[in-house]
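These are my notebook entries on a structure that I had not examined before. I record what I looked up, topic by topic.

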Amino acid sequence: MELGFKATKLPCPYGPADGLDGLKKNVDFIAETRELVGDDVELMLDCWMAFDVEYAVRLTEALRPYNMKWMEECLMPEDLDGYVELRKRIPWQSLGAGEHWFSILPFFSAAGRRVVEVLQPDVSWVGGITATVKICHYAEAAGISVVPHCGGNVAEGQHLALAMPSMPWAEFG
């Protein structure tokens, strides 16, 4: 925040195997972070494909007071039906996914079914600039944002973030 960043993404330290104690520790972690950074900083939580639908719903409900910008990769990448269920059960919470989708097809399916609000292709893993541009055009038509995974770390991602209207940010870290 001292460097001028207006958003930060945190790794989720606990998952379903940690039970209610882990759930509470996740909530405490986000509450402490929100207190530290204030209300003018966007917070995102990277769940690193570690949850099932039930845990994702419970955690999201518990984190509702902390105004999370999005919850990222709550489920395994192939679990599109799980994302459909999340969208039904937690409609107020923006979801992000796509870092571990390695072709354009899952992005088209997710956007077409409107199961996430943020698509997160990794330019290096999804097929390069051409594939990412296709994802961006499809996302723009669907009214969905694209925030490339580690896009701020590479020249291609930086260029795309400046060129693509659907790309408001590029992850840097």
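**Entry 1: salt bridges**

I counted a salt bridge where a side-chain nitrogen of Lys or Arg lies within 4 Å of a carboxyl oxygen of Asp or Glu. This is a predicted model, in which local features need pLDDT of at least 70, side-chain atom pairs count only at pLDDT 80 or more, and totals for chains, interfaces and linings use all residues. Residues are numbered from 1 along each chain as its sequence is written, and side-chain values use heavy atoms, with hydrogens and water left out.

My search of the whole structure returned seven salt bridges. One of them joins Asp21 to Lys25, at 3.1 Å from N to O. I took helices (H or I, at least four residues) and strands (E, at least two) as DSSP runs, numbered from the N terminus. Asp21 and Lys25 both belong to helix H1 (residues 19–37), where they are four residues apart, about one turn of the helix.

I then looked up how open these side chains are. I used buried for under 20% relative accessible area, exposed for over 50%, and partly exposed for values in between (1.4 Å probe, protein chains only). Asp21 is partly exposed at 47% relative accessibility, and Lys25 is partly exposed at 36%.

Asp28 and Lys24 form another salt bridge, with their closest N and O atoms 2.9 Å apart. Because Asp28 and Lys24 are four residues apart in helix H1, about one helical turn separates them. Asp28 is partly exposed, at 31% relative accessibility.

Asp81 and Arg113 also meet in a salt bridge, at 3.5 Å from N to O. This pair links distant parts of the chain, 32 residues apart: Asp81 is in helix H3 (residues 80–89) and Arg113 in helix H4 (residues 105–113). Asp81 is exposed, with a relative accessible area of 56%, whereas Arg113 is partly exposed at 43%.

I also noted a network of salt bridges that links Lys9, Glu72 and Glu171.

**Entry 2: the sheet**

What is the order of the strands in the open sheet? I found six strands in the order E1-E2-E3-E4-E5-E6, with parallel pairing. The edge strands are E1 and strand E6 (145–146), each of which pairs on one side only. Two strands pair if DSSP finds at least two bridges between them. In general, strands of a sheet pair through backbone hydrogen bonds, either parallel or antiparallel.

Ala7 stands opposite Glu42 in E2, and Pro11 has Asp46 of E2 as its bridge partner. E2 is mostly covered, with four of its five residues buried.

**Entry 3: the largest pocket**

I searched on a 1 Å grid over the protein atoms alone; a pocket is an open set of points where a 1.4 Å probe fits, with protein on both sides within 12 Å along at least five of seven lines, and lining residues have an atom within 4 Å of a point. Grid points are joined across faces, edges and corners, and a volume is the space filled by probe spheres set on the points.

The largest pocket has a volume of about 470 Å³. Its lining comprises 17 residues, of which Ala7, Thr8, Lys9, Glu171 and Phe172 lie nearest the centre. Strand E1 (7–11) and strand E2 (42–46) are the elements that give two or more residues to this lining. E1 supplies the largest share, three residues.

I sorted the lining by class, with Ala, Val, Leu, Ile, Met, Phe, Trp, Tyr, Cys and Pro as nonpolar, Asp, Glu, Lys and Arg as charged, and the others, Gly among them, as polar. The lining of the largest pocket has 10 nonpolar, three polar and four charged residues.

In H3, I found Leu80, Gly82, Tyr83, Val84, Leu86 and Arg87 buried. The buried residues of H3 pack against helix H2 (53–63), strand E4 (95–97) and H4.

I took contact to mean heavy atoms within 4.5 Å. Leaving aside neighbours within four places in sequence, Val115 is in contact with Leu80, Tyr83, Val84, Arg87, Leu95 and Ala110.
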